Amino acid sequence: MKERGKFIVFEGIDGAGKTTQINLLANYLREQGRAVYCTAEPTETVSGGLLRDALSGASRRTICEMAAMFVFDRINHNVNPVNGIQKMLGDGFDVICDRYYYSSLAYQGSGTDPEWVGNMNLNCPEIMRPDICIFLDLTPEQSMARINRGRATQEIYENEEKLTQVRNQFYRVFEDLKDRDNIQVVDAYRSVEEIHSDIVELVGR
Ligand code: TYD
């Protein structure tokens with residue numbers, strides 16, 4: 001039987017540079033001879049599409065609807081028999097996931113009953129716990145500066161007040177989960193290379 005891969009999650013407020021660091025880590029692991037599968041939430045499935053419509057403001061959803069839709073999307077992401085997280089890990093791939101339940105706890109948890117959002121995600125038998133969560137940390141001011149530089153459109157969660165709230169919520173979530181999950185906060189306001197080398201060290205532990 002193949003050795004199970006590592007399940008690595010990246011989180012961060014918008015503009016933290018997740019995409020760059022995910023690509024660098026994937027390349028690094030492949031150079032080490034590992035098979036790597038990169039994935040993201042919301043997913044590219046029908047449920048992910050519904051979520052993107054809600055995030056862009058194209059359709060209106062309540063926070064509870066959003067929280068439930070993210071859970072549904074996440075369950076399918078875990079158990080999909082073709083390329084689900086569990087299938088890929090079982091096939092020996094390291095799975096790198098751009099956002100996961102920490103985002104639900106931070107974004108939806110700050111707008112409705114956080115315990116309910118936590119229970120749905122953390123107590124669901126079909127939602128796996130990652131081996132490591134890497135949080136790329138930026139202050140909201142640093143994040144807004146990057147967002148404004150790089151993009152034409154802003155999603156509903158991208159304003160400074162909201163980013164402050166979400167970052168605080170991430171910190172609260174990490175405090176609550178510190179004995180349960182392996183969460184590593186990485187200062188993302190440094191050079192790409194410095195951040196990458198910290199991440200390589202953390203993943204290799
Ligand atoms: P997207 O632009 O797809 O990715 P990113 O901002 O990571 O580059 O946006 C995803 C948005 O979805 C982001 O604003 C956070 C939000 N989100 C939640 O609110 N809850 C969740 O559970 C997840 C996975 C994401």
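## Ground rules

Two strands pair if DSSP finds at least two bridges between them. Helices (H or I, at least four residues) and strands (E, at least two) are themselves DSSP runs, numbered from the N terminus. This is a predicted model, where local features need pLDDT of at least 70, side-chain atom pairs count only at pLDDT 80 or more, and totals for chains, interfaces and linings use all residues. Residues are numbered from 1 along each chain as its sequence is written, and side-chain values use heavy atoms, with hydrogens and water left out.

## The β3 strand and its neighbours

Let's start with β3. Strand β2 (residues 36-40) runs parallel to β3, and 5 bridges join the two; here Y37 stands opposite V95. Strand β1 (residues 7-12) also pairs with β3 in the parallel sense, over 4 bridges, with F10 opposite D98.

How many of the 5 residues of β3 are buried? The count is 5 of the 5 in residues 94-98, so the strand is largely enclosed by the rest of the structure. Buried means under 20% relative accessible area, exposed over 50%, and partly exposed in between (1.4 Å probe, protein chains only). D94, I96 and D98 point one way from the strand, while V95 and C97 point the other way.

## Around the ligand

Now for the ligand. There are 14 residues around it, and D14, K18, R99, S104 and Q108 come nearest; being near takes a heavy atom within 4 Å. By class, this shell has 4 nonpolar, 3 polar and 7 charged residues. For the classes, Ala, Val, Leu, Ile, Met, Phe, Trp, Tyr, Cys and Pro count as nonpolar, Asp, Glu, Lys and Arg as charged, and the others, Gly among them, as polar. Helices α3 (63-79) and α5 (101-108) each supply at least two shell residues, and the largest share, 4 residues, comes from α5.

Most residues other than glycine have a negative phi, and most peptide bonds are trans. R99 has a positive phi of about 75° although it is not a glycine. Where does R99 sit? Its place is in the loop between β3 and α5, and R99 is buried, with a relative accessible area of 13%.

There's also a cis peptide bond joining E41 and P42, with omega at about -5°. P42 is found in the loop between β2 and α2 (46-56).

Helix α6 (residues 114-122) has V117, G118, M120, N121 and L122 as its buried residues. Their cover includes α3, α5 and α8. At the N-terminal end, D113 caps α6 with a side-chain oxygen 3.0 Å from the backbone nitrogen of E115.

D181 is in the loop between α8 (160-177) and β5 (183-187). Is D181 buried or exposed? D181 is buried, at a relative accessible area of 7%. Its side chain makes a polar contact with the side chain of R180 (2.7 Å); that term covers N or O atoms within 3.5 Å, and within protein one must be able to donate a hydrogen and the other to accept it, with residues adjacent in sequence counting only if both atoms are side-chain atoms. D181 also touches Y101, Y102, R129 and P130, not counting residues up to four places away in sequence, where contact means heavy atoms within 4.5 Å.
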